[in-house]
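Reader: I have a new structure open and would like to learn to read it. Could you take me through it with questions and answers?

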Amino acid sequence: MTEDIYDLIVVGAGPGGYVAAIRAAQLGMKVAVIERRESLGGVCLNEGCIPSKALLDSSELFAMARDSFAGHGIDVSPPKLDIPRMMARKDDVVKKLTDGVAFLFKKNKIKRFKGAGVLLKGGTATGPHRVRVTDEASGDSPQELSGKRVLLATGSTATELKDLPFDQKLVVSAREALCFESVPKHLLVVGGGFIGLELGSVWLRLGARVTVVEMLPNILPNMDRKTADQLMRSLKKQGMEFLLQSKITKTVRTKEGATVTLERKDSSEEITCDRILVAVGRSPLTRDLGLEESGVRLDERGRIIVDKDFQTSVPGVYAIGDLVPGPMLAHKASEDGVVFAERLAGQSSQVEYDIIPGIIYTWPEAASVGRSEEQLKQDGVEFAVGKFPFSANGRARCLDETDGFVKVLASPDSGRVLGIHIVGPRASDLIAEAVMVMNFGGSAQDIALTVHAHPTLSEALKE
Ligand code: FAD
């Protein structure tokens with residue numbers, strides 16, 4: 001029997017890998033995907049974007065019933081929380097979506113292999129590459145696949161702090177914080193990035209005291225400063241506490257949780273908590289992939305170096321998503337995946353890395369695309385600022401959601417949009433218009449001359 005030689009072997013079925021596999025199959029390639037976890041969809045579907053948004057939506061409804069209904073003239077007896085049911089609903093949302101990916105694999109005749117993939121050395125640009133698949137759980141002996149090309153899409157993992165290692169109970173990553181069985185009394189969130197703020201919001205709304213500890217002087221250091229500051233003010237109003245320029249120097253475990261010593265420039269303090277979510281970033285998952293042996297080169301931050309075709313230093317081996325430089329976001333990983341497959345098929349697709357939106361799904365939400373005021377100043381680019389508060393927007397008033405603003409940064413001469421930053425209700429949906437305008441090289445005038453339905457939140461952009 002002759003051995004199957006795939007046109008493409010994909011290692012990792014997250015939003016990068018599964019999207020690349022489907023696009024490659026649609027373009028006529030014979031594709032195999034190796035994924036070590038049971039379900040498809042990667043971090044995004046299983047323990048990232050989707051479960052976090054499911055819990056953000058549930059906790060928002062709970063907080064509204066508790067805190068906002070009365071203002072609308074609706075009296076309800078205090079809402080009761082059923083965490084197991086909330087978690088079961090979240091798991092159901094995840095399952096429907098991961099099953100959907102499995103269905104798409106079948107439809108596109110993509111062969112799935114369960115197990116951990118390791119690139120074996122010896123492949124050349126023209127000769128086949130070999131990947132070993134080992135599924136330790138099954139006890140089956142490893143098998144080897146041959147492919148003309150290999151795409152690495154193994155994503156990233158939560159970064160661990162040396163002095164505060166994960167133990168899955170007291171000190172946890174997002175994975176466990178998405179599955180707590182009860183509401184923590186005091187959740188300490190280490191890191192003021194989007195994952196910490198989103199998961200902190202979930203548990204704050206459900207009744208926990210939440211304190212965010214951030215080493216830097218600001219949360220969300222890469223975001224437009226005034227936008228991030230506004231978001232922090234709104235979160236503070238909801239009761240989230242922030243300790244900036246603070247560092248955990250000591251953790252003493254107690255029966256109830258831990259006593260943590262925090263140090264600032266001139267002072268130190270002790271706080272007690274029963275859970276610590278470490279959300280200080282994510283690291284590319286390059287370990288145990290056979291990269292060093294095969295000669296795949298990494299940059300100084302441990303990311304795989306690729307060219308514009310996503311090809312690594314080894315001809316015929318490619319990488320996308322969280323493994324390679326760029327924002328660690330699901331939609332960026334998927335764009336990489338589509339463009340990778342299309343370029344492999346000879347098309348001239350490319351990813352517009354300057355126009356990738358970034359969203360924080362807190363309440364209010366914050367969303368940005370393009371450059372911030374700080375980046376424009378740093379780049380020496382002149383800009384004009386147009387700002388409109390949601391307090392002057394009719395729909396926001398009806399919703400009782402008036403915190404925040406829309407800020408448009410545009411060239412003073414041509415009006416060309418350079419960046420749009422929104423903090424406010426449904427900023428995650430509003431940013432799509434901004435991305436579209438920037439994608440077409442549009443101007444602030446183009447937005448102003450476009451009819452926006454009244455009364456909608458989108459009018460804030462036009463204004
Ligand atoms: P991943 O999604 O990490 O997928 C990689 C896959 O490879 C995994 O399934 C893994 O099991 C598999 N794998 C690893 N090693 C091997 C191996 N050796 N063999 C076989 N399989 C292997 N992004 C957004 O855009 N929006 C959000 O709202 C958002 N929310 C997030 C919330 C949380 C809590 C977290 C943690 C992340 C969030 N992200 C969000 C980030 C997003 O999840 C990632 O950017 C995205 O999943 C990266 O996609 P990827 O395909 O590169 O890798």
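Reader: Which residues of α1 are buried?

Author: Happy to start there, in a model that is predicted. Helix α1 covers residues 17-26, and eight of its ten residues are buried; helices here are DSSP runs of H or I with at least four residues, strands are runs of E with at least two, and both are numbered from the N terminus. Buried means under 20% relative accessible area, exposed means over 50%, and partly exposed lies in between, using a 1.4 Å probe and protein chains only. The buried ones are G17, Y18, V19, A20, A21, I22, A24 and A25.

Reader: Thanks! What covers the buried residues of α1?

Author: We can look for contacts, meaning heavy atoms within 4.5 Å. The cover includes the helices α2 (42-47), α4 (83-107) and α9 (330-344). It also includes the strands β1 (5-11), β2 (31-35) and β6 (143-152).

Reader: Before we go on, what should I know about the numbering and the model?

Author: Residues are numbered from 1 along each chain as its sequence is written. As this is a predicted model, local features need pLDDT of at least 70, side-chain atom pairs count only at pLDDT 80 or more, totals for chains, interfaces and linings use all residues, and side-chain values use heavy atoms, with hydrogens and water left out.

Reader: How many helices and strands does the protein have, and why does it count as compact as a globular protein of that length?

Author: The secondary structure comes to 14 helices and 22 strands. The globule rule, 2.2 Å times the number of residues to the power 0.38, is compared with a radius of gyration taken over C-alpha atoms. For 463 residues the rule gives 23 Å, and the protein is close to that, so it is as compact as a globular protein of that length, with a radius of gyration of 24 Å.

Reader: Is M223 buried or exposed, and which residues does it touch?

Author: M223 sits in the loop between β10 (209-213) and α7 (225-237). Its relative accessibility is 10%, so M223 counts as buried. M223 and S368 are 145 residues apart in sequence, yet their C-alpha atoms are 7.7 Å apart in space. Leaving out residues up to four places away in sequence, M223 touches A228, I360, A366, A367, S368 and E374.

Reader: How do β13 and β14 run, and which residue stands opposite E263?

Author: Strand β13 (residues 258-263) and strand β14 (residues 268-273) run antiparallel, joined by six bridges. A hairpin of four residues connects β13 to β14. The residue opposite E263 is S268.

Reader: Which peptide bonds are cis?

Author: Most residues other than glycine have a negative phi, and most peptide bonds are trans. Another cis bond, with omega about -10°, joins H454 and P455.

Reader: Where does D288 lie, and what is its phi?

Author: D288 is in the loop between β16 (282-284) and α8 (291-294). At 63% relative accessibility it counts as exposed. Although D288 is not a glycine, its phi is positive, near 55°.

Reader: Is T286 buried or exposed, and which residues is it in contact with?

Author: T286 is also found in the loop between β16 and α8. At 17% relative accessibility, T286 counts as buried. Setting aside neighbours within four places in sequence, T286 is in contact with L291, L298, G302, I304 and L323.

How values were computed
Two strands pair if DSSP finds at least two bridges between them.
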